[in-house]
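My notes follow the viewer.

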Amino acid sequence: MSLNLSQIDRVKTITKEDFIKNYFKPQKPVVIEQFIENWPAYKKWSLDYMKKVAGDKTVPLYDDRPVDFKDGFNEPHAKMKMSEYIDLLKTKPTKFRIFLWNILKEVPILQKDFKYPDFGLRLMKGLPMLFFGGTGSYTFMHYDIDLANIFHFHFEGKKEIILFDQKQNKYLYKIPHSLITREDIDFSNPDFNKWPALKKAKGYKTNLEHGQVLYMPEGYWHYMKYVTPGFSMSLRAIARKPKNLSKAIYNVFVMRTIDNLMRRIKGQKWIDWKNEQAIIKTNVYNKL
């Protein structure tokens, strides 16, 4: 048995009007296959190119270890020179990923390689973020703190993606006061004996390859696994639905503050309690 996942719609190209009507307004994901072929990045951006222009930069690295109370919010697990990291990606599988790195501030020359597309949404110009990963590395199932509309442009290699909307929260073993599900769930191959509520969840799946862009609607859960080494860039537009916007403000100013405070006061007991609550609440809701 596998997760109940539909293939994400794919289009070769799309007009702004069709995007707004068919995907943004109904808040439905889509992959656009041929959108950036006129960007210099389409031909230039590769792991080798990033090594050439950013090799001397020290980069923050994350792996798939469980959250520890001593770790700050989004605190990296290691640091390395970009050149060493790319050599590592190309020689063997590694769990280390670069996550939410604003490389365009550190390497301004890269800003000339792309332009902000007009999807009919106002994109946040200061927040283009890059994500890198090696074969088999993955992000935990999570959604973004600001519940933004995200455009995820992939470069080099292949990436497997699973999405769920916020209506599926009750089946996903969501951790309270957090943006993630239980970290011991393997969304590539879930154990339904251990996580039976997942059988009720309905989501989406796709693979992304070089030059393709995925639109993820507001607050969508996403799990991303690197089939081969590669990297992606995300551009984002602020949440437009009032409910999502208020949730984003709550997450940034209240939820994160409470979580950091409780980590300091209770330490690992707080993390363990949250992990237990994810199972208890999911089981109660689903009468398991």
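I began at one end of the sheet, where S2 and strand S3 (residues 30-32) run parallel and are joined by three bridges. Strands here are DSSP E runs of at least two residues, helices are H or I runs of at least four, and both are numbered from the N terminus. Two strands pair if DSSP finds at least two bridges between them. Opposite Arg10 I found Val31 in S3.

This is a predicted model: local features need pLDDT of at least 70, side-chain atom pairs count only at pLDDT 80 or more, and totals for chains, interfaces and linings use all residues. Residues are numbered from 1 along each chain as its sequence is written, and side-chain values use heavy atoms, with hydrogens and water left out.

**Sheet**

I traced the strand order next. It reads S2-S3-S11-S8-S13-S7-S6, an open sheet of seven strands with mixed pairing. Strand S2 (9-11) and S6 are the edges; each has a single partner strand, so one side of each lacks a neighbour in the sheet. On average, neighbouring strands are turned by 20° against each other, direction ignored. Axes are lines fitted to C-alpha atoms, for helices over the stretch in contact, and angles run from 0 to 180 degrees between N-to-C directions.

I then checked the helices against the sheet. Helix H1 (residues 16-24) packs on it and touches S2, S3, S8 and strand S11 (213-216). Contact means heavy atoms within 4.5 Å. The direction of H1 makes about 50° with that of S11. Helix H4 (residues 82-91) lies across S6 and S7 and runs at about 45° to S7.

**Strand S7**

How many residues of S7 are buried? I got five of its five. Buried means under 20% relative accessible area, exposed over 50%, and partly exposed in between (1.4 Å probe, protein chains only). In a regular strand the side chains alternate between the two faces of the sheet. In S7, Met129, Phe131 and Gly133 point one way, Leu130 and Phe132 the other.

I looked up both partners of S7. Strand S6 (residues 98-101) pairs with S7 in the antiparallel sense over two bridges, and Trp101 has Leu130 as its bridge partner. Strand S13 (residues 230-237) also runs antiparallel to S7, joined by five bridges. There, Met129 stands opposite Ser234.

**Rings**

I counted 22 aromatic pairs. Rings of Phe, Tyr and Trp (its six-membered ring) pair if their centres lie within 6.5 Å; planes under 30 degrees apart are stacked, over 60 edge-to-face, the rest tilted. Tyr138 and Phe140 are edge-to-face, at 6.2 Å centre to centre and 80° between the planes. Tyr138 is partly exposed at 22%, whereas Phe140 is buried at 17%.

Tyr143 and Trp221 are also edge-to-face, with centres 4.9 Å apart and planes at 75°. They sit 78 residues apart: Tyr143 in the loop between strand S7 (129-133) and strand S8 (149-155), Trp221 in strand S12 (residues 221-226). Tyr143 is buried at 2%, and Trp221 is buried at 0%.

**Ser178**

I placed Ser178 in the loop between strand S9 (158-164) and strand S10 (202-209). Is Ser178 buried or exposed? It is buried, at 12% relative accessibility. Beyond neighbours within four places in sequence, Ser178 contacts Tyr143, Met255 and Lys274. Its side chain reaches the backbone nitrogen of Ile180 at 3.4 Å.

How values were computed:
Polar contact = N/O pair within 3.5 Å; in protein donor to acceptor, adjacent residues only side chain to side chain.
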